[in-house]
Amino acid sequence: MSREWDDVRGYFDRVTVAHVATLMPDGAPHTVPVWVGTTDDGLELFMAAGSRKDRNLAGDPRIAFSVANPDNALDMAFVRGTAVERLEGEAAYEIVDRLARKYTGADYDLREGMVAYRVRADVSWARDHTGD
């Protein structure tokens with residue numbers, strides 16, 4: 001088991017869909033699958049401007065991600081973090097296109113209406129439960 005971001009980061013570097021949880025205005029969780037990328041100290045993702053995730057993060061910047069190894073579902077990681085930056089326009093599309101290329105090999109088709117977030121990893125955890 002690891003709690004160090006440098007050890008957990010590799011789980012999110014893989015081409016696998018992560019699940020992200022944000023908080024609704026009433027405090028209820030909202031979770032959806034997303035494409036995710038890594039930075040030196042956390043994660044990045046994108047979404048449609050004004051989407052539920054975008055509105056949730058505007059109201060409360062706390063966010064959580066979970067991911068499993070695509071070859072072994074018992075090998076998993078999670079990150080709890082804080083959305084520290086919301087990007088629009090060309091700055092957002094640098095992240096949008098980087099993630100689209102990671103997952104599809106090409107830039108993202110939709111060329112307007114997207115925002116991106118950078119997330120600081122506050123708590124990281126990974127463990128392979130295969131041997132348990």
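# Close-up views of the predicted model

**Figure 1. Here is the whole chain at a glance.** Of the 132 residues in the protein chain, 42% count as buried. Keep in mind that this is a predicted model. The chain contains three helices and seven strands, and going along the sequence they come in the pattern α-β-β-β-β-α-β-β-α-β. How does the radius of gyration compare with that of a compact globule? For 132 residues, the globule value would be near 14 Å, and the protein chain has 14 Å, so the two agree. Along its principal axes, the C-alpha trace spans about 45 × 40 × 25 Å. If you take the contacts with a separation of 6 or more, 69% of them involve residues 24 or more positions apart.

Figure 2. As a quick reminder, strands of a sheet pair through backbone hydrogen bonds, either parallel or antiparallel.

Figure 3. β1 covers residues 18–23 and pairs with β2 in the antiparallel sense over six bridges. To get your bearings, find Ala-21, whose bridge partner in β2 is Thr-31.

**Figure 4. Strands β4 and β7 run side by side.** These two strands are antiparallel and are joined by seven bridges. Which residue of β7 stands opposite Glu-44? That would be Arg-118. If you follow the side chains here, remember that in a regular strand they alternate between the two faces of the sheet.

**Figure 5. Aromatic rings gather around Tyr-108.** There are six aromatic pairs in the model. In one of them, Trp-35 and Tyr-108 have ring centres 6.3 Å apart and planes at 85°, so the pair is edge-to-face. This pair links distant parts of the chain, 73 residues apart: Trp-35 is in the loop between β2 (29–34) and β3 (37–38), while Tyr-108 is in the loop between α3 (89–104) and β7 (114–128). Both of these residues are partly exposed, Trp-35 at 26% relative accessibility and Tyr-108 at 25%. Tyr-108 also pairs with Phe-46: the ring centres are 5.0 Å apart and the planes are at 75°, so this pair is edge-to-face too. Phe-46 belongs to strand β4 (residues 42–48) and Tyr-108 to the loop between α3 and β7, so the pair ties together parts that are 62 residues apart in sequence. Is Phe-46 buried or exposed? Phe-46 has a relative accessible area of 10%, so it counts as buried.

**Figure 6. An arginine lies over a tyrosine ring.** Zoom in on Arg-14, which lies over the face of Tyr-11. The distance to the ring centre is 4.8 Å.

**Figure 7. Asp-60 sits in a loop and contacts Arg-62.** The loop in question runs between α2 (52–59) and β5 (62–69), and Asp-60 is part of it. With a relative accessible area of 17%, Asp-60 is buried, because anything under 20% counts that way. What does the side chain of Asp-60 contact? The partner is the side chain of Arg-62, in a polar contact of 2.8 Å.

Figure 8. Leaving aside residues up to four places away in sequence, Ala-92 touches Leu-87, Met-114, Val-115 and Ala-116. The C-alpha atom of Ala-92 is 11 Å from that of Ala-48, a residue 44 positions away along the chain. Glu-90 lies in helix α3 as well, but at 62% relative accessibility Glu-90 counts as exposed. Between the C-alpha atoms of Glu-90 and Val-115, the separation is 9.5 Å, and these residues are 25 apart along the chain.

Conventions
Residues numbered from 1 in each chain as written. Predicted model: local features only at pLDDT ≥ 70, side-chain atom pairs only at ≥ 80, totals over all residues. Heavy atoms only, no water. Helix = DSSP H or I, 4+ residues; strand = E, 2+ residues; numbered from the N terminus. Buried < 20%, exposed > 50% of the residue type's maximum accessible area, 1.4 Å probe, protein only. Polar contact = N/O pair within 3.5 Å; in protein donor to acceptor, adjacent residues only side chain to side chain. Phe/Tyr/Trp six-rings, centres within 6.5 Å; stacked < 30°, edge-to-face > 60°. Lys NZ or Arg CZ within 6 Å of the ring centre and 35° of its normal. Pairing = 2+ DSSP bridges. Rg over C-alpha atoms; globule rule 2.2 N^0.38 Å. Contact = heavy atoms within 4.5 Å.
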